[in-house]
Amino acid sequence: MQTTKIPGPAGLLEAKLSPGDRNVWAILCHPHPLYGGSMDDAVLDVAHTRLKAAGGCTVAFNFRGVGSSEGHHDGGTGEIDDVAAVADWLESRYTVDALTLIGYSFGSSVAWRALQRLVRPTPAILIAPPFGGMAYPPIDGATGAVVVGDQDPFVDREVLDQWLAGQAGMRHIAIPDADHFLAHEHEALAAALDEAISPL
């Protein structure tokens, strides 16, 4: 794994890159900075491990104001610009045959909203997205998966079901008995992510 700094709109972003056997990349977006979220999150580490097992490549990074990333937390709006900057940087330096955005909790909302900023059609894998508490505006033609523990108190089921009905390209993958933090469910999370990653 390589550490680097990526130029972002609010300053340099701290990042970790892990090239793989295939030019299939995923950008990993971490949970809420104000609650301790960072690129070293254990759930995103599971996502990284499953991407690597499939021969893919990952880049995890700290949003503005987290770790040694410059700038200040911007409530999720500036963080969308951070994701777009990481994607642009990646495309300019590596061969990227395919790109996926993977976000956990707050990071899933940022990743979802960043899709419309990217040049290429990009799938998204949303892990424990807090529907009902954060924004997930409709995006025509979006593809990917929503991975949710069925005991997650931060996911409004009615809102999620309505959203999925309007996003035909997004699959719902449930993790039985898992809550928002997935602390004791990493094996089940790995299996769910394998299912989510397999079409990529």
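# Buried residues, helices and a pocket

Biologist: Why does isoleucine 127 count as buried?

Modeller: In this predicted model, isoleucine 127 has a relative accessibility of 0%, and buried means under 20% relative accessible area, so isoleucine 127 counts as buried. Isoleucine 127 lies in strand 6.

Biologist: Which residues is isoleucine 127 in contact with, leaving aside its neighbours within four places in sequence?

Modeller: Leaving aside those neighbours, isoleucine 127 is in contact with Val43, Ile102, Gly103, Tyr104, Ser105, Ser108, Val147, Leu182, Leu189 and Leu193. Glycine 149 is 22 residues away from isoleucine 127 in sequence, and their C-alpha atoms are 8.9 Å apart in space.

Biologist: Why is serine 38 called buried?

Modeller: Serine 38 has a relative accessible area of 18%, and since the limit is under 20%, serine 38 is therefore buried. Serine 38 belongs to the loop between strand 3 and helix 1, and, not counting residues up to four places away in sequence, it touches His30, Pro31, Asn62 and Val66.

Biologist: Is histidine 180 buried or exposed, and how do you know?

Modeller: Histidine 180 has 5% relative accessibility, and buried is defined as under 20%, so histidine 180 counts as buried. Its place is in the loop between strand 8 and helix 5, and, not counting residues up to four places away in sequence, histidine 180 touches Tyr104, Ser105, Ala128, Asp152, Pro153 and Phe154.

Biologist: What makes the pair of side chains of histidine 180 and aspartate 152 a polar contact?

Modeller: The contact between the two side chains is at 2.8 Å, and the cut-off for a pair of N or O atoms is within 3.5 Å, so the distance meets the definition.

Biologist: Where do aspartate 177 and leucine 182 lie, and why is one called exposed and the other buried?

Modeller: Aspartate 177 is in the loop between strand 8 (170-175) and helix 5, and leucine 182 is also found in the loop between strand 8 and helix 5. Aspartate 177 has a relative accessible area of 61%, and exposed means over 50%, so aspartate 177 is exposed. For leucine 182 the value is 2%, which is under the 20% limit, so leucine 182 is buried.

Biologist: What is the phi of aspartate 177, and what is the phi of leucine 182?

Modeller: Aspartate 177 has a phi near 65°, a positive value in a residue other than glycine, and leucine 182, also not a glycine, has a positive phi of about 55°. Most residues other than glycine have a negative phi.

Biologist: What caps the N-terminal end of helix 1, and what covers its buried residues?

Modeller: Aspartate 41 is the cap, with a side-chain oxygen 2.8 Å from the backbone nitrogen of valine 43. The buried residues of helix 1 are Val43, Leu44, Val46, Ala47, His48 and Leu51, and their cover includes strand 2 (11-18), strand 3 (24-29), strand 4 (57-61) and helix 5 (186-197).

Biologist: Which residues lie nearest the centre of the largest pocket, and how is its lining divided by class?

Modeller: The largest pocket holds about 290 Å³ of space and is lined by 14 residues, with His32, Tyr35, Ser105, His180 and Phe181 nearest its centre. By class, the lining has eight nonpolar, five polar and one charged residues.

Conventions: Residues are numbered from 1 along each chain as its sequence is written. This is a predicted model: local features need pLDDT of at least 70, side-chain atom pairs count only at pLDDT 80 or more; totals for chains, interfaces and linings use all residues. Side-chain values use heavy atoms; hydrogens and water are left out. On a 1 Å grid over the protein atoms alone, a cavity is a set of points where a 1.4 Å probe fits but cannot get out, and a pocket is an open set with protein on both sides within 12 Å along at least five of seven lines; lining residues have an atom within 4 Å of a point. Grid points are joined across faces, edges and corners, and a volume is the space filled by probe spheres set on the points. Ala, Val, Leu, Ile, Met, Phe, Trp, Tyr, Cys and Pro count as nonpolar, Asp, Glu, Lys and Arg as charged, and the others, Gly among them, as polar. Buried means under 20% relative accessible area, exposed over 50%, partly exposed in between (1.4 Å probe, protein chains only). Helices (H or I, at least four residues) and strands (E, at least two) are DSSP runs, numbered from the N terminus. Contact means heavy atoms within 4.5 Å. A polar contact is a pair of N or O atoms within 3.5 Å; within protein, one must be able to donate a hydrogen and the other to accept it, and residues adjacent in sequence count only if both atoms are side-chain atoms.
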